[in-house]
Amino acid sequence: MAMATRVFLHLLLFLISSLSPCFSLYEDQVGLMDWHQQYIGKVKHAVFHTQKAGRKRVVVSTEENVIASLDLRRGDIFWRHVLGPNDAVDEIDIAFGKYVITLSSEGSILRAWNLPDGQMVWESFLEGSKQSKSLLAVPANMKIDKDNVIFVFGKGCLNAVSSTDGVVLWKKDFADESLDVQQIIHPPGSDMIYAVGFVGLSQFDVYQINVRNGEVLKHCTAAFPGGFCGEASLVSSDTLVALDGTRSSLISISFLDGEISLQQTHISDLVGDLFGMAVMLPSKLTGMLLIKINNFIVFVRVADEGKLEVTEKINDAAVSDALTFSEGQQAFGLVEHGDSKIHLTVKLVNDGNGDLLKESIRMDYQRGRVHKFFINNYIRTDRSHGFRALIVMEDHSLLLLQQGEIVWSREDGLASIVDVTSSELPVEKEGVSVAKVEHNLFEWLKGHMLKLKGTLMLASPEDVVAIQGMRLKSSEKSKMTRDHNGFRKFLIVLTRAGKLFALHTGDGQVVWSVLLHSLRSSEACADPTVLNVYPWQVPHHHAMDENPSVLVVGRCGPGSDAPGVLSFVDTYTGKELDSLVLSHSIERIIPLSFTDSREQRLHLIIDTDYHAHLYPRTPEAIGIFQRELSNIYWYSVEADYGIIRGHGLKSNCILQEGDEYCFGTRNLWSIVFPSETEKIIATVTRKLNEVVHTQAKVITDQDVMYKYISKNLLFVATVAPKATGQIGSVTPDESWVVVYLIDTVTGRIIYRMTHHGTQGPVHAVFSENWVVYHYFNLRAHRYEMSVVEIYDQSRADHKDVWKLILGKHNLTSPVSSYSRPEIITKSQTYFFTHSVKAIAVTSTAKGITSKQLLIGTIGDQVLALDKRYLDPRRTINPSQAEREEGIIPLTDSLPIIPQSYVTHALKVEGLRGIVTAPAKLESTTLVFAYGVDLFFTRLAPSRTYDLLTDDFSYALLLLTIVALVAAIFVTWILSERKELQEKWR
């Protein structure tokens with residue numbers, strides 16, 4: 001009997017341990033709660049590589065400083081490299097069929113990459129003393145001592161660089177001559193190159209240079225009294241056409257054999273009826289140049305002796321560079337826009353009537369117009385020449401067109417996200433089940449038996465695949481309705497192109513996208529700039545017939561004084577409901593905490609004259625606003641002048657009589673930081689929608705501390721003016737970081753701390769009653785993170801935890817910023833291993849779950865760090881009561897636990913921001929990180945205490961219950977039998 005009991009207990013312990021939750025992430029769980037998407041950004045250069053050997057690819061560089069090799073068949077990324085934010089790519093080319101050559105950082109860095117796999121072969125730093133145009137020339141058969149050579153002009157210097165190892169063979173400095181080189185020309189078969197350009201505004205120079213040693217063989221110069229504007233186009237190996245200083249004439253410049261001749265032609269004589277400022281478009285068409293006047297592109301042919309003649313005028317079109325495809329023939333592409341189509345034409349350069357290709361392709365109007373495109377040829381099965389086109393659209397998307405069809409497309413506008421907000425999905429309609437039951441009972445049992453085999457590690461590889469498929473199928477993560485846990489939402493993202501996307505949190509699919517008409521370039525808004533996106537209408541139970549909507553804010557120009565633009569978009573359908581071009585500018589947008597009867601949130605827009613404008617402009621909104629007018633305060637930061645001001649509102653604007661939605665402002669206070677010692681580099685406030693569960697914090701011995709909770713606190717970080725440069729640019733004695741906590745209603749400084757021998761940049765996050773900030777310690781040569789917590793001492797009399805539980809406290813007494821706060825602060829500083837790009841904090845529905853810091857590291861990963869590690873109350877030897885409270889023993893460094901990277905082994909290249917949103921489950925928060933890549937996941941900082949895991953084995957639970965019942969029954973029988981035997985003795 002004893003043996004049977006032990007066996008039963010071992011079996012019971014095994015079954016119970018099998019039911020214990022597992023918090024590791026297995027390989028087959030990847031993709032169930034997170035997704036990762038890779039992009040490259042808006043393409044600005046492209047070079048095709050379509051030789052018979054190897055894969056067909058196109059190498060591109062983008063505005064996000066990305067170099068990538070794309071598969072021509074599917075558009076997938078073979079390889080890519082994201083350069084630094086200050087390392088913009090100037091030119092790219094493919095050299096000798098095996099290297100990708102890139103020139104970046106204004107002509108100062110030249111790199112060679114291996115074409116098949118993208119590995120860097122060499123890197124060369126080119127020095128120079130002058131800002132100039134960057135040029136890259138890769139001659140096909142130019143060798144110096146059996147070494148192929150690459151010519152680079154940048155920083156005012158011409159360099160000849162070895163293609164084997166990147167060594168600079170020779171260098172010619174043009175800084176003393178003040179030459180602004182426009183072109184580097186290598187006549188085929190010649191041992192000379194020509195460097196041609198402008199000196200000042202009215203002089204044109206030609207340098208004839210020996211390619212072997214950089215010696216100047218001949219130098220010619222010519223002056224033009226009318227001057228040059230600096231724009232020029234090379235039309236042949238010895239002829240260049242430039243615009244004059246007034247942009248009213250074209251100057252044909254011939255420099256055959258170093259002899260310069262100029263010929264002037266008035267543009268009005270060429271175009272006749274077209275009026276407007278002429279702009280020369282960059283092109284590489286032999287014997288032809290392009291000028292743009294208004295929306296017209298004019299094709300100008302250079303005939304004999306520099307004579308110019310117009311061959312064609314096209315309204316609103318895009319033109320590709322020249323393509324040499326057969327026996328020296330050159331072709332170029334032309335794209336014109338129709339109603340819902342684009343019309344692609346490929347023509348011979350020297351034959352205006354020779355159309356090699358004419359196609360019309362239906363195009364989604366939400367992609368906008370064609371901004372740029374590149375053409376490439378291929379040989380058809382009938383040995384004729386076919387053409388494909390790589391199209392860059394207005395919304396920054398990338399498409400490949402071939403044989404009148406879109407072969408593939410990429411939404412690379414998502415690489416330039418400006419702002420993010422979240423929105424709920426539609427509610428499940430009546431009559432539709434929330435979760436469809438599996439096909440039949442047999443399938444249900446089969447599925448749970450497979451899960452049981454997986455739990456007991458008895459599953460075959462085929463079973464593992466089946467389990468993964470069942471998880472993906474049963475998760476319903478891509479369903480277009482809300483779920484009761486709040487995991488399914490819309491991520492509404494605004495891109496730099498002015499396009500709004502709705503991404504499903506389930507799998508990252510684009511549900512809808514809209515290119516906002518109000519933020520497209522037009523006569524009314526010539527140079528639009530997007531700013532932010534805000535929740536505008538969030539219907540609740542009494543207004544469920546209304547769809548939620550968002551407010552998109554922009555400007556009609558790059559400056560802060562440009563007129564503002566507002567656009568309202570339905571988040572369910574993506575329809576632009578309304579748009580407004582404002583008569584005033586937008587300096588700042590303040591979402592207020594008030595809503596009208598339609599659940600539209602009131603917003604206050606501050607213009608550059610410090611007038612406040614209320615939206616929505618309705619009588620109901622103005623009525624709500626007037627009642628709260630005396631309680632609305634705001635602040636402004638003038639970082640360049642070191643001034644922070646506090647403002648209040650007063651009566652309607654004086655200069656705009658009749659506009660009841662415009663209000664004047666009054667200065668309440670100002671703080672001026674001494675310009676000799678401090679410069680503002682960072683300001684942070686709490687999130688407006690942050691939920692704080694309780695103000696009380698129970699500590700050891702049933703004592704209570706009360707958090708100082710105020711939405712009016714502003715964190716400010718300043719540095720020494722000398723320390724605004726890169727880390728290490730100053731000595732520790734010359735650098736310091738000063739942090740402040742300022743009440744924005746009264747201007748009172750409630751906390752100040754100076755960190756001597758430290759330097760920025762400073763990244764900070766503010767939540768509840770604490771702020772965490774990151775900076776660099778010059779003395780220790782390490783990064784540091786500091787934490788400050790603020791507690792309210794005015795309620796020190798209410799420290800009895802039983803009074804708090806029974807409600808016998810005074811927490812409901814009103815708090816005013818004008819009453820001087822009795823506060824104490826606790827702070828602590830820790831070393832931290834990584835440099836930081838962004839910091840955020842998790843947010844949950846009720847604010848009960850413990851917080852985690854989400855740190856975007858320099859390695860483009862996101863690290864989750866428990867806030868307990870940044871508790872200022874940590875000590876080296878915490879007491880038993882403090883240990884029970886959860887206080888961790890003090891160490892000088894914050895731990896980096898590999899399992900704490902929420903991005904796992906993935907990278908969010910070019911990481912710029914981290915956004916969190918609460919789910920309906922209190923344990924869970926949704927995390928979205930964006931940069932060039934996108935990453936989304938769900939986090940449970942205190943583990944999923946209110947949710948069973950998706951792979952919870954109900955079959956194993958049922959088996960456990962059956963086994964326990966059977967064991968009870970068996971032991972009862974054995975017990976009865978034993979008792980009967982004892983009675984017979």
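1. Confidence. pLDDT is the predictor's confidence in each residue, on a scale from 0 to 100, and contact means heavy atoms within 4.5 Å of one another. This is a predicted model, in which local features need pLDDT of at least 70 and side-chain atom pairs count only at pLDDT 80 or more, while totals for chains, interfaces and linings use all residues. Residues are numbered from 1 along each chain as its sequence is written, and side-chain values use heavy atoms, with hydrogens and water left out. The protein averages a pLDDT of 85, and 88% of the residues score at least 70. Over residues 431-440, however, pLDDT stays under 50, and the model has eleven contacts beyond four places in sequence for them; residues 1-24 also stay under 50, with 17 such contacts. Where pLDDT is low, the predicted coordinates should not be read in detail.

2. Overall make-up. The secondary structure comes to eight helices and 65 strands, where helices (H or I, at least four residues) and strands (E, at least two) are DSSP runs numbered from the N terminus. Of the 985 residues, 51% count as buried, a word that stands for under 20% relative accessible area, with exposed meaning over 50% and partly exposed in between (1.4 Å probe, protein chains only). Among the contacts with a separation of 6 or more, 51% are made by residues 24 or more positions apart. The accessible surface comes to about 46800 Å², of which carbon and sulfur atoms hold 52%; areas of this kind come from the Shrake-Rupley method with a 1.4 Å probe, and for residues only the protein chains shown count as cover.

3. Aromatic pairs. The structure holds 21 aromatic pairs, meaning rings of Phe, Tyr and Trp (its six-membered ring) whose centres lie within 6.5 Å, with planes under 30 degrees apart counted as stacked, over 60 as edge-to-face and the rest as tilted. In one of them, the ring centres of Trp-35 and Phe-928 are 6.2 Å apart and the planes stand at 50°, so the pair is tilted. Because Trp-35 lies in strand 1 (residues 35-37) and Phe-928 in strand 64 (residues 925-930), this pair ties together parts that are 893 residues apart in sequence. Trp-35 is buried at 7% relative accessibility, and Phe-928 is buried with a relative accessible area of 1%.

4. A second tilted pair. Phe-625 and Phe-663 form a tilted aromatic pair, at 4.9 Å centre to centre and with 55° between the planes. Phe-625 belongs to helix 5 (residues 619-627) and Phe-663 to strand 49 (residues 662-672), so here the parts tied together are 38 residues apart in sequence. Phe-625 counts as buried at 0% relative accessibility, and Phe-663 is buried with a relative accessible area of 1%.

5. Charges over rings. A charge sits over a ring if NZ of Lys or CZ of Arg is within 6 Å of the ring centre and within 35 degrees of the ring normal. Arg-588 lies over the face of Tyr-635, at 4.3 Å from the ring centre, and Lys-867 lies over the face of Trp-770, at 5.0 Å from the ring centre.

6. Gln-182 lies in strand 15 (residues 179-185) and counts as buried at 4% relative accessibility. Its side chain makes a polar contact with the side chain of Lys-133 (3.5 Å); such a contact is a pair of N or O atoms within 3.5 Å, and within protein one must be able to donate a hydrogen and the other to accept it, while residues adjacent in sequence count only if both atoms are side-chain atoms. Leaving out residues up to four places away in sequence, Gln-182 touches several residues, including Gly-197 and Phe-198. Gly-197 is in strand 16 (residues 192-199) and is buried at 0% relative accessibility; its C-alpha atom is separated by 5.3 Å from that of Asp-180, 17 residues apart along the chain. Phe-198 belongs to one aromatic cluster with Tyr-194, Phe-204, Phe-224, Phe-228 and Phe-255.

7. Ser-585. Ser-585 has its place in strand 43 (residues 576-585) and is buried, with a relative accessible area of 6%. The side chain of Ser-585 makes a polar contact with the side chain of Thr-608 (3.0 Å). Beyond four places in sequence, the residues that Ser-585 touches include Ser-560, Asp-561 and Ile-605.
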